[in-house]
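Let's take a walk through this one together. Have the viewer open and follow along as we go.

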Amino acid sequence: MKIPHAARRVVPAVTAVMLAIGGAAIAPLFAQEAAPARTLTPGKGADLTMARCALCHEITHITRARLSRGEWQDNVRNMIERGMPIAPDEIPIVVEYLATYYNRDSAAPAADPAAASAAAAQDPVQRLLGDNACLSCHGVDQKIVGPSFREVAARYAGDAGAGARIAGKIKAGGAGNWGTIPMPPHAGLSDAELAQLAAWILARK
C-alpha cells in the first residue's frame with residue numbers, strides 16, 4: 001500500500017516527537033541509577049544500624065533500597081532468624097532508623113548536621129573502620145567475632161607482601177584463616193582505602 005505524499009512528511013515528524021518524549025521520560029531513569037552510597041545517612045540509630053547490618057553484608061544493600069516500614073521490620077526479623085546478633089532493645093532503634101531514612105512511602109529527613117560534622121572531622125581510617133563495621137567483629141587487642149587486629153599484625157610480621165594480602169582478604173572476605181565464621185566482602189572499597197586499612201592493621205603490632 002502506498003503512503004500518501006503528505007503522510008510521508010508527517011510520519012518522521014511524529015516519530016521525532018515520540019523519540020523526544022521517550023528520551024525525556026527515560027533520562028530521569030538513567031539519572032536515578034547512580035551508585036548506591038557506601039555509608040548510611042547520619043542520623044539517630046545510624047551507627048547501631050551500621051554495626052549490626054554490616055556484619056553480614058555490604059551496607060549498599062541498605063542504601064540502594066527503599067522499603068516500607070513493614071518490609072524493613074520483616075527484613076530485620078529475617079536477619080535475626082539468620083543469626084544477626086542484636087539486643088531486644090536495639091531492634092526498634094534499627095527499624096526506626098531504616099524506616100525513617102530509607103522509606104519508599106515518605107521522604108527522608110535531612111542528615112543530622114551534628115552527626116555529619118562529626119563524621120567529616122573523624123580520622124579517615126577510623127571512619128573506614130566505622131563505616132564498614134570492622135570494630136563490630138575485631139577489637140584492637142581482643143577477639144570479638146574475628147581475631148584482634150594485634151593478632152593479625154603478629155601473624156603477618158616480617159611478611160613483605162602482608163599489606164597486599166590483608167587488603168585482598170578485606171576486599172574478598174571469606175572464612176577459614178581464623179575459624180569458620182565468614183567475613184563479608186568489602187568489594188566497594190577502593191585500592192587506596194584497602195591499603196590504608198591494611199597499613200593501619202599492620203601497625204598494631
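This is a predicted model: local features need pLDDT of at least 70, side-chain atom pairs count only at pLDDT 80 or more; totals for chains, interfaces and linings use all residues.

What follows goes from the overall picture to a few local details.

The mean pLDDT of the protein is 81, with 81% of its residues at 70 or more.

Now for the architecture. The protein has 205 residues, and buried ones make up 30% of them. Look at the contacts with a separation of 6 or more, and you'll find that 58% of them are between residues 24 or more positions apart.

For a look at helix packing, pick out helix H7 (residues 124-131) and helix H11 (residues 191-202). Their axes come within 10 Å and cross at roughly 100°. Angles of 65 to 115 degrees count as roughly perpendicular, and H7 and H11 are therefore roughly perpendicular to each other. On the H7 side, the residues that meet H11 are Pro124, Val125, Gln126, Leu128 and Leu129. Their partners in H11 are Glu193, Gln196, Leu197 and Trp200.

Next, zoom in on helix H8 (residues 134-137), where Ser136 has its place. Which residues does Ser136 touch, leaving aside those up to four places away in sequence? They are Ala51, Leu55, Ile144 and Val145. With Ala51 there is a polar detail too: a polar atom of the Ser136 side chain lies 3.3 Å from the backbone oxygen of Ala51.

Last stop, the cysteines. How many disulfides does a search of the whole structure find? The count is zero. A disulfide is a covalent bond between the sulfur atoms of two cysteines, and the search needs those sulfurs within 2.5 Å. Take Cys134: the closest cysteine sulfur to its own is in Cys137, 8.4 Å away, which is too far for a bond. Cys134 is also buried, at a relative accessible area of 14%. Cys53 is buried as well, with a value of 9%.

Technical notes. Residues are numbered from 1 along each chain as its sequence is written. Side-chain values use heavy atoms; hydrogens and water are left out. pLDDT is the predictor's confidence in each residue, from 0 to 100. Buried means under 20% relative accessible area, exposed over 50%, partly exposed in between (1.4 Å probe, protein chains only). Helices (H or I, at least four residues) and strands (E, at least two) are DSSP runs, numbered from the N terminus. A polar contact is a pair of N or O atoms within 3.5 Å; within protein, one must be able to donate a hydrogen and the other to accept it, and residues adjacent in sequence count only if both atoms are side-chain atoms. Contact means heavy atoms within 4.5 Å. Axes are lines fitted to C-alpha atoms, for helices over the stretch in contact, and angles run from 0 to 180 degrees between N-to-C directions. Angles under 35 degrees count as roughly parallel, over 145 as roughly antiparallel, 65 to 115 as roughly perpendicular and the rest as oblique.
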